[in-house]
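Hi,

Here is the structure I said I would pass on to you. Have a look at it first, and then read my notes below.

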Amino acid sequence: MTEALGCVRGGRILFRGLHFALSPGQAGLLTGPNGVGKSSLLRLLAGLLEPSAGSFSAPETKALCDDRLALDEHLPLEQALRFWARLDGKGTADVAAAMARAGLDHLAEVPVRYFSTGQRQRARLARTYLANARLWLLDEPANGLDTESVEQLGRALQGHLDEGGIILAASHIPLPIAFDTNLRREPLEELEACL
Amino acid sequence: MIRAIATIIWRDVRQSYASGGTWLPVIFYLSAATLFPFAVGPDRELLLQTGGGILWIAALLATLLPLDRLIQPDLENGVYDQLIVRGFSDELIVAARLVSHWLSFGPPLLFAAFLASGLMGLEGAALGTLLASLAIATPALAGLAVMIAALTAGLKGAGALGGLLLVPLAIPLLIFGAGSLSAQGGSALLFLAAISLLLVAITPFAAGAALSAVRE
């Protein structure tokens, strides 16, 4: 899926010569200390950043779940999600299903601005489930979730893999699914000193 | 694709009318028009001569009011990121924003100009010219607002900077817009239309480039 990928941000090389491949039904886990370029890699694969070197191929349909909510704060959750559903060609039933998968069905009528940290995270996940995407790019998907919600997240992720989806997640919190690839990123300082 | 763009535009327009943000420029416009006769006195001739120009300046200032709500909130909230992930281009996102902003800015401003012209004693042909020139210019004003909002998104003190940026860019509009109100103003409307088209045409590219630069 990726070929000698490199990324430079703020004049600093975050990674280079990165190779890995995930086939349908496989999940990859990104780990490593803060600032090592995990989020940048996810944004790059989502098409939000240009690689400074190398290339990658990714499925046409992608969903990115990062720390930004991208839901209208003043709208009830269901209506806020419906905007994305309409863009992705989904219907009301799909919105309800996504909210149920994220354990938010009881909050459908509550404006998003009243949500707690964990509920906001689950709203992000619901938006991701709703997108018609083969590849899920998840940045700390379990942040702020309680144990039960992490279990729920695990079931949703497993469901996506069983349907032939691909997942690449960066997480410090152990996720309850089996990862096929573990990409451990290390800071590049020593490497650069050699060159 | 067309349906998706309509969905994006509809969301913005609905949000703008629902939040009351649409009426802020209108109220500002009417207050400026109300204050002017108090300042210069009730001399009917003077008001007739200067009223159109004042309404034009008020329209430019009203353009500044919604600047911080045009791009910044959606950029911060990750809405644009999500649209890009879905394959929309920066230019398309900004073009949709231009249309939605004009829909919630142009018609209410024209309505306010119609009300305010009564305070200046404008009527008949003069009123018609004023409304025509504002109708031609509102797409350009909306375009300028979207461009400046995209350029200053994420900066501290974006409001003040936006004001400084608008003034030089809006001068051609003001010259031909207010110029069309004078007796020999026929071709001024055509020039105004040309400038308006130009500004509308470059908005998606200029503001789109600003959006993609912010992402880096």
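**Helix packing in chain B**

In chain B, helix H3 (residues 44–64) packs against helix H9 (residues 158–179) at an angle of about 150°, and their axes are 10 Å apart. With angles over 145 degrees counting as roughly antiparallel, H3(B) is therefore roughly antiparallel to H9(B). Please keep in mind as you read that this is a predicted model.

The crossing of H3(B) with H9(B) is right-handed. On the H3(B) side, the contact is made by B:Gly52, B:Gly53, B:Trp56, B:Leu60, B:Thr63 and B:Leu64. H9(B) brings B:Gly162, B:Gly163, B:Leu166, B:Ala170, B:Leu174, B:Gly177 and B:Ala178 to the contact. Sorted by class, the contact of H3(B) with H9(B) has seven nonpolar, six polar and no charged residues.

Which residues of H3(B) and H7(B) meet? From H3(B) they are B:Leu47, B:Gly51, B:Leu55, B:Ala59 and B:Ala62, and from H7(B) they are B:Leu109, B:Ala113, B:Ala116, B:Ser117 and B:Met120. By class, the contact of H3(B) with H7(B) has eight nonpolar, two polar and no charged residues.

**B:Thr152**

Is B:Thr152 buried or exposed? B:Thr152 has 23 C-beta neighbours inside 10 Å, so it counts as buried, the cut-off for buried being 20 or more. Leaving aside neighbours within four places in sequence, B:Thr152 is in contact with B:Ala158, B:Leu161 and B:Gly162. Two of the elements come together at this point: B:Gly162 is also one of the H9(B) residues in the contact with H3(B). B:Thr152 and B:Asp68 are 84 residues apart in sequence, yet their C-alpha atoms are 8.8 Å apart in space.

**Chain B as a whole**

Stepping back, chain B has ten helices and zero strands. Its radius of gyration is 18 Å, close to the 17 Å that the globule rule gives for 216 residues, so chain B is as compact as a globular protein of that length. Along the principal axes, the C-alpha atoms of chain B fill a box of roughly 60 × 30 × 30 Å. Of the 216 residues in chain B, 42% are buried. Among the contacts in chain B with a separation of 6 or more, residues 24 or more positions apart account for 83%.

**Chain A**

Chain A has six helices and eight strands. Buried residues are 39% of the 195 residues of chain A. For contacts in chain A between residues at least 6 apart in sequence, 71% join residues at least 24 apart.

Two residues of chain A have a backbone worth a look. Most residues other than glycine have a negative phi. A:Ala70 has a positive phi, near 55°, and lies in the loop between E5 and H2 of chain A. A:Ala70 is buried, because 22 other C-beta atoms lie within 10 Å. A:Glu140 is not a glycine either, and its phi is positive at about 50°. You will find A:Glu140 in the loop between strand E6 (135–139) and helix H5 (147–162) of chain A. With 19 C-beta neighbours inside 10 Å, A:Glu140 counts as partly exposed.

**Where the chains touch**

Best wishes

Key. Residues numbered from 1 in each chain as written. Chains lettered and ligands numbered in written order. Predicted model: local features only at pLDDT ≥ 70, side-chain atom pairs only at ≥ 80, totals over all residues. Helix = DSSP H or I, 4+ residues; strand = E, 2+ residues; numbered from the N terminus. Rg over C-alpha atoms; globule rule 2.2 N^0.38 Å. Buried ≥ 20, exposed ≤ 12 C-beta atoms within 10 Å, placed from the backbone. Contact = placed C-beta atoms within 7 Å. Axes fitted to C-alpha atoms, helices over the stretch in contact; angles between N-to-C directions. Parallel < 35°, antiparallel > 145°, perpendicular 65-115°, else oblique. Left-handed = near helix turned anticlockwise from the far one by under 90°. Nonpolar A, V, L, I, M, F, W, Y, C, P; charged D, E, K, R; others polar.
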